[in-house]
Amino acid sequence: MDGYPPAYVAHNVPLVVISGLGSTDEKSRTNGNGIRITSELPPVESEDASTLLRFFQENDAGSLAWNSREHSGRNKLRAKSVGRDFILPIRNAQPASSATPTSPIARPILHSSLSPLSPGSSLFPDGLLDSKWAEKHQEHVPSALISFYTFASDPNMATKNDNQLKTDINNLKAALSQSGYRTRFIVALLSEKSIVQSPEVEERLANIRKNTNLDSKTSLFFLPPQSSPVELQAFVETITSTIYPLCIEYYRDLSKHSRRKRNRGIVPPPTAPPTSGTSQTLSSQGWNVRYDFKLGVFAEFRQEMDAAVRSYESGYEGLLGPDVLEAIASWSPRWNEARLLADIFAFRILRCLLWNGNTTAAVRRWQLHRERIRDFVDRRGKGSSTYGWEAWEARWATIMAETVIKVAISDFSSGGHTIHLSPEKSIAIGERTQPWELLHHPGYWFYSASKHLMARRNLAMAIPEEDRSPPGSSPASQIASKAYTYDTYLCPEPHEESPLPGSKGVNHSSLIIASLSKAIAEFESRKQSRLVQELQLVSAKEHINQQSWADAVRILRPLWQKMSYRKEGWWIAVEEIGWSLRKAALHFGDGGSVLAVDWELMNRSFTNHPQWHYDLSKSLHGLENVKTKPIVVLRDSEVHSFLSANFTFEHAEGNVGEPCPSQLAITSSALPNAAPVIMSEVKVILEGNMKPLCIQHKLGNEDESQRPMVFNKVSLADTMSDGKSLQVGQADLTFRPGQTKVFEFSSLLREDGDVRAASATFSIISDSFDLDYSHTFESTIAPDLWWAQHGVKKRIARANASSLVVLPKPPKMELRFVGTEEQYYTNEQIILHLEVLNEEDADSITNLEVRLVGDGAPPVTLKVENSPQLDTEEDEETALAGTPLGKIAKSASIIVDVIIPPIDLPAVYDLGLKASYNLVSDMETPISRSLLTQLEVINPFEANYDFSPRIHTDPWPSFFTHEESGDTHTTQDNKALGLAQKWCLTARYASFANEDLIVEDLNLEVIGMNGGIQCSTKKQVEIPEGGLKVSPRNLEEAQFDTCTQKYSLDDRGTATLDVCLAIKWRRNAKDSQLNTSILAVPRLLVSSSEPRVLAAVSYSSKIPSMIHFDVTIENPSNHFLTFGLTMEPSEKFAFSGIKQSTLQLVPLSRRTMRFRLLPSVRGDWIGPVHCVIKDRYFQKILKIAPTEGIRVDKEGLLIWVPPEEDL
């Protein structure tokens, strides 16, 4: 916004003057001839006063953004500190000393010193407006004056100080009233002591209010002492929020005054008539323009932007109407003044529209003003083809850019990539909006300004030499001709715009660079890379025009490296940037940049300049200020090199220990007239387990220089360079334009893995410079080529021919298990015999690694023939490296026992074996053979169980028999005295093996007893000597007698028994190991306080056909029980005994009822036997539990009758 008076473009915020806090601002003393407002009392000097002044300055709204967001909900004022003296400008101009009244009654009419009616004004007699008027209301005439005083707390001095306060306040009020301004007067008192210490404060404040006519709510404020910073800030906010409506009302009164004067429609008479001649007073339309501008400014002070826009629009149309600007002669100074005012009207309309969010309307208004002013200049002025017009166009675009920045639109300032805003909602639906009518970010407007600045420079350079001479050296006629030819509105005269050589004038390049720098920053923040690159090139050229070589190189070097034109193939743009960089770098002394550009410009994609040498050895000629030897490092992503390379493996796969053929093809795409380039070396970087390749230069045959393709077989030798191993060979590295050189290698593969050719580095090492160019190998869609001698080539149909998969050397060592079992079982030690057979052509040093993977996998040990066992889990390093097996001769083998300890639970494990070995003839190449197998371990036996009661033969203790006992404390270590019961556990087990197993022994092991009992078990049938052969899926049965007895006779609690079945078995083979399998048995209930009924059968030894059927009733409780017994007859047998009876059992007793049965059949089950035992008290039928020779079906008990031959 340079070029316009600051008061015209400043944002209007209500002005408040603060008196009595701090020192006087310099700006408050600028008008020393005005009305002095002075206070006789000293200013307030305290820490609270400094803090209050700081808070007023922090709340100053002068630096806020020009948008409604910053001002919404906040009372914003502009605070100005003036000490104790303040000067208001003179309201009316003083009459001229020479002016004499025409009559004793008539007196001259006085007007404002800034009015066109006052002869002393710069606007007299027909001027429109002066920026001093806007400055008066922005800097000199406040809307409110806040005067701070110290409120004394000394009782002896209170009356005197209060009287001084009242006198000073009344004097200031009178001075303000006499000045003619309507500035509000506000008083703030800072107390020395609190109200609690000075109880008469309220009375004193009331007296001051009464004698000064101050409103206690809006004009008088009181601050207690020793307030915290938070309270001081709240006090400032209270004053601000209270007086803000008063300030707004002040500017509203000024608007009403201006509106009344406008509505009169009368031109006021001047203080003195204008001089004779062509002078005339300002027309009524001109006065309306003045009033409209004032109304708009006062509306801006009130932040009423809609009203301000209406006033500015009215004033703008009146100014550009036929009665104002059209009526002013273009040669008159008032023409430029009117143009300036038109610009200010348009600018303020722009600001108000952007304040309200009408972005598209603001752009249209900007364009409309430009077109209307162009029309006026073409019709009435010097035309729009002058440097003055282009200067105005650049300034007008810059104003738009700076206004958008000051408005701080959230979409532009939030850090996003917004380029332009969408049209506002107030635009009618269906109305066509052009792209240039959208509000773009500031960079767009700065870029437009730079274009006009360039056009301004071109027009300035076209000024004839006679018009560029200073005024003193040209005749008067020529000076008058220049005044009518060139438009100098807001720009210098021709002799300053484009002076003669040797004179200083306008530095157009600096203006262009400044505008471009601002545009670049905006475009760069929004990732508009192409525009950034374009503007950087233009800016660099301006620096070159100024011979600012350092700045040009600073811009061009990063641009040359990172520009997108190179990837997109815009070679003309790339070449232009390259030549510009070379020119700047040559003058700056940057030899590295010169060499880098010359390297790229040798490519045939660029224009061939026949006069240019295209020789890297001559690139530094003419470069005198090089301090050090240039060292240049280039990458293919930064330059469009004339050298291209391709690395190809002949085969997709290779094996360790085998030679691998590969080729490096290098093609030169240099211009035909370019000099040959001699490389010092070419290094190929390989990713993976393969050493880098290095080709060193060696002079070749001269006859190869004319051939388009040269084939070389390079022999490689291992060497060390900088602590790294390389494969080095030698060949001719002279590359001529259009020539392709193929280098073929044969490398021995040492390690397995993936290998990929990453890059090739071309190095030139000379006395004048060092250069490295790195070319990265990338996969392409086109198939790669494999070259042969005499130009023969074949296509390689692979996705990426620059990569190679190196497979391990095919091992000839065999791993196999010998003598393995078909199945392995739990609870047995597993020994696997592994044969390691060396079928290599040489002896091998072998390590064996064994891993057993699975849930709960036990550690594995190895045992080599004639060696002790080796633990594979000794430490991590040994496990990873494997267990050494020593040297194995060729065609020999060794047996390794893999020993796995017994496993308790069935599971499936993964058994992995890896034999790593090195041949004695090649100790650098590791070879490995792996074997992975699955090991399944199952249970050899499964069993189910039947637990049934039996009749214990020992008598029960009598409840009525007294036995002496020396120790009344019964423990488990003493003899059991409780009830004895007998049970039978029947175990039916089957083999799940796929082979015969030999069971050597079975045993029932007691694990735990619960409930205070002792237990003993006994196997009913012994296993024969030599074991019992159990075939797969055959069911075997074993019975165990279990006798339990309570330790205490009084113990009636439930007792349980935990047992397990132990089966000792072995495989059906000689010298097989004996194993023990433990089968779980469910928990057994062996004692209860409930009565039970047992049925037993026996066969008479006297009468073979007679069967004894015994029913035993047990009463283990402490109650007398009565049972009813009923025995029903059956057709299958005859019986003798009690058919129906009542039995009474005393506590802790049992009773047996015998029935003698004569069956009608032999060798069969007879029954059912319907014997019913019923508890008379509970009316509950007791279930009869069968014992040996008896079984139960759904109808009753069945008794086995043996055949006659068994009797």
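These legends accompany several close-up views of a predicted model.

**View 1. The largest cavity and its lining.** Searching the whole structure turns up 6 cavities of 30 Å³ or more. The largest cavity holds about 130 Å³ of space. It is lined by 16 residues, and those closest to its centre are Leu979, Lys1046, Asp1051, Ser1087 and Ser1088. Strand 40 (1035-1046) and strand 43 (1084-1087) each give at least two residues to this lining, with strand 40 supplying the largest share, 3 residues. Sorted by class, the lining of the largest cavity has 8 polar, 5 nonpolar and 3 charged residues.

**View 2. The second largest cavity.** Here the space amounts to about 80 Å³. Around the second largest cavity you will find Val16, Ile18, Phe56, Asn59, Asp60, Leu77, Ala79, Val236 and Thr240. At least two of the lining residues come from strand 1 (15-19), and at least two from helix 7 (229-264). The lining of the second largest cavity divides into 6 nonpolar residues, 2 polar and 1 charged.

View 3. In one of them, Glu304 pairs with Arg252, and the closest N and O atoms are 2.9 Å apart. This pair links distant parts of the chain, 52 residues apart: Arg252 sits in helix 7, and Glu304 in the loop between helix 8 (284-301) and helix 9 (305-319). Glu304 counts as partly exposed because its relative accessibility is 27%, and Arg252 is likewise partly exposed, with a relative accessible area of 27%. Arg262 belongs to helix 7 and Asp292 to helix 8, and the two residues are 30 residues apart. Arg262 is partly exposed at 26% relative accessible area, whereas Asp292 is buried at 4%.

**View 4. A buried salt bridge between Glu600 and Arg566.** The closest N and O atoms of this salt bridge are 2.7 Å apart. Glu600 lies in helix 22 (residues 591-601) and Arg566 in helix 20 (residues 565-568), so the pair ties together parts that are 34 residues apart in sequence. Both Glu600 and Arg566 are buried.

View 5. Most peptide bonds are trans, and most residues other than glycine have a negative phi. The bond from Phe124 to Pro125, however, is cis, with omega near 5°; Pro125 is in the loop between strand 4 (85-88) and helix 4 (131-140). Gly1167 and Pro1168 are also joined by a cis peptide bond, with omega about 0°, and Pro1168 is placed in strand 50 (residues 1164-1169). Leu490 has a positive phi of about 60° and belongs to the loop between helix 15 (476-485) and helix 16 (494-497). Asp1071 has a positive phi near 60°; look for Asp1071 in the loop between strand 41 (1055-1067) and strand 42 (1075-1080). Leu490 is partly exposed, with 25% relative accessible area, while Asp1071 is exposed, with 72%.

View 6. Val920 is found in the loop between strand 33 (907-919) and strand 34 (922-938). With 41% relative accessibility, Val920 counts as partly exposed.

Note on methods:
Residues numbered from 1 in each chain as written. Predicted model: local features only at pLDDT ≥ 70, side-chain atom pairs only at ≥ 80, totals over all residues. Heavy atoms only, no water. Helix = DSSP H or I, 4+ residues; strand = E, 2+ residues; numbered from the N terminus. Buried < 20%, exposed > 50% of the residue type's maximum accessible area, 1.4 Å probe, protein only. 1 Å grid on protein atoms, 1.4 Å probe; cavity = no way out; pocket = protein on both sides within 12 Å on 5 of 7 lines; lining within 4 Å. Points joined across faces, edges and corners; volume = space filled by probe spheres on them. Nonpolar A, V, L, I, M, F, W, Y, C, P; charged D, E, K, R; others polar. Salt bridge = Lys/Arg side-chain N within 4 Å of Asp/Glu carboxyl O.
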